[in-house]
Amino acid sequence: WASAMSGISDGVSGLGDVYEVYELLQSTSKPIMHWAGSMENLRTEFQMFEAVAGGAEPLAEKPFSICLVCPMDPLVHNEDSLEQVMYLAERNAVPVYISGVSLGCTSPITIAGSVVVGIADSLAGLLVSQLVREGAPFIISRFCDTMNMRDMTIQRSRPEMVLANGAACDVFRYLGLPFCVNLGDTDSGVFDQAAAFDTAVSLYTGALGKASMN
C-alpha cells in the first residue's frame with residue numbers, strides 16, 4: 001500500500017490529512033493508508049474515494065483504503081475517534097485502531113503492563129465496531145513507543161519497543177485477529193548503518209510475529 005510520509009502544513013489549517021489523501025489518489029493506484037483529523041474530514045475523504053470508485057456501493061464492495069484511528073489517551077476513547085470507527089463500520093471500510101501507549105509515560109513502565117493496556121484499548125474499539133455491524137472489517141493494533149524523559153521526544157528503535165511489539169504479536173495471533181504493529185522505524189537522523197540495522201531488526205521481528213501490517 002501507499003501512505004503519506006509527511007504532514008502537510010502549508011495549506012488551509014486543519015485540512016492536512018485531506019490534502020494527503022488527495023495527493024495519494026492522484027499519485028498511485030495502490031491501496032492507501034490514511035488518517036482523518038476529524039469526522040468532518042473523514043466524510044470529505046470518503047467523497048473522494050467514492051469519486052474514484054464510481055459510487056458508495058462499488059467502494060463498499062471493494063474498499064481500497066485503510067484508515068488509522070488514534071484515540072491517543074490510554075483507556076480513554078474520545079467521541080471523534082469512536083464516531084470514525086462507527087462510520088467506517090457502516091461503510092465496510094477498514095480501520096486500524098491505535099491506542100496511544102508509551103512505556104512509562106502513558107502506560108506502565110513494564111513491557112507486560114504496557115501490552116495489557118494497549119490491547120485492552122484496541123479491544124474496546126473492536127467491540128464498538130462489531131456492535132455497529134457484526135463482521136465489519138477491523139485491524140487491531142498496539143503501537144508501543146518509548147519516550148525520552150530528558151527531552152520528551154518519542155523514540156522508535158529501542159529494544160524494549162521491539163520486544164513489546166513482539167509480545168503483542170503473540171497475543172493477536174492467539175486471538176486470531178488481523179493486526180498492525182509499528183515496526184520498521186529508526187531514530188537515526190540519516191540513513192546510515194545504524195538506521196539500516198534498526199529497520200532490519202525491527203521488520204524481521206514483525207515478520208517472525210506474522211504481523212498483517214507493519
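Is the crossing of H1 and H2 left-handed or right-handed? It is right-handed, with the near helix turned clockwise from the far one by less than a right angle.

**View 1. Confidence across the predicted model.** This is a predicted model, where local features need pLDDT of at least 70 and side-chain atom pairs count only at pLDDT 80 or more, while totals for chains, interfaces and linings use all residues. Residues are numbered from 1 along each chain as its sequence is written, and side-chain values use heavy atoms, leaving out hydrogens and water. The protein averages a pLDDT (the predictor's confidence in each residue, from 0 to 100) of 90. Confidence is lowest in strand E7 (residues 144-148), at a mean of 80, and highest in helix H2 (residues 39-53), at 96. Helices (H or I, at least four residues) and strands (E, at least two) are DSSP runs, numbered from the N terminus.

**View 2. Helix H1 beside helix H2.** The axes (lines fitted to C-alpha atoms, for helices over the stretch in contact, with angles from 0 to 180 degrees between N-to-C directions) of H1 (residues 16-27) and H2 come within 9 Å and cross at roughly 15 degrees. That makes H1 roughly parallel to H2 (angles under 35 degrees). Contact (heavy atoms within 4.5 Å) involves residues including Val21 and Leu25 of H1 and Met48 and Phe49 of H2.

View 3. Three strands run in the order E5-E7-E8, with mixed pairing (at least two DSSP bridges between two strands). E5 and E7 are parallel, joined by 3 bridges; serine 102 has aspartate 145 of E7 as its bridge partner. Helix H5 (residues 111-132) packs on the sheet, touching E5 and E7. Helix H6 (residues 159-175) lies across E5, E7 and E8.

Terms used: Angles under 35 degrees count as roughly parallel, over 145 as roughly antiparallel, 65 to 115 as roughly perpendicular and the rest as oblique.
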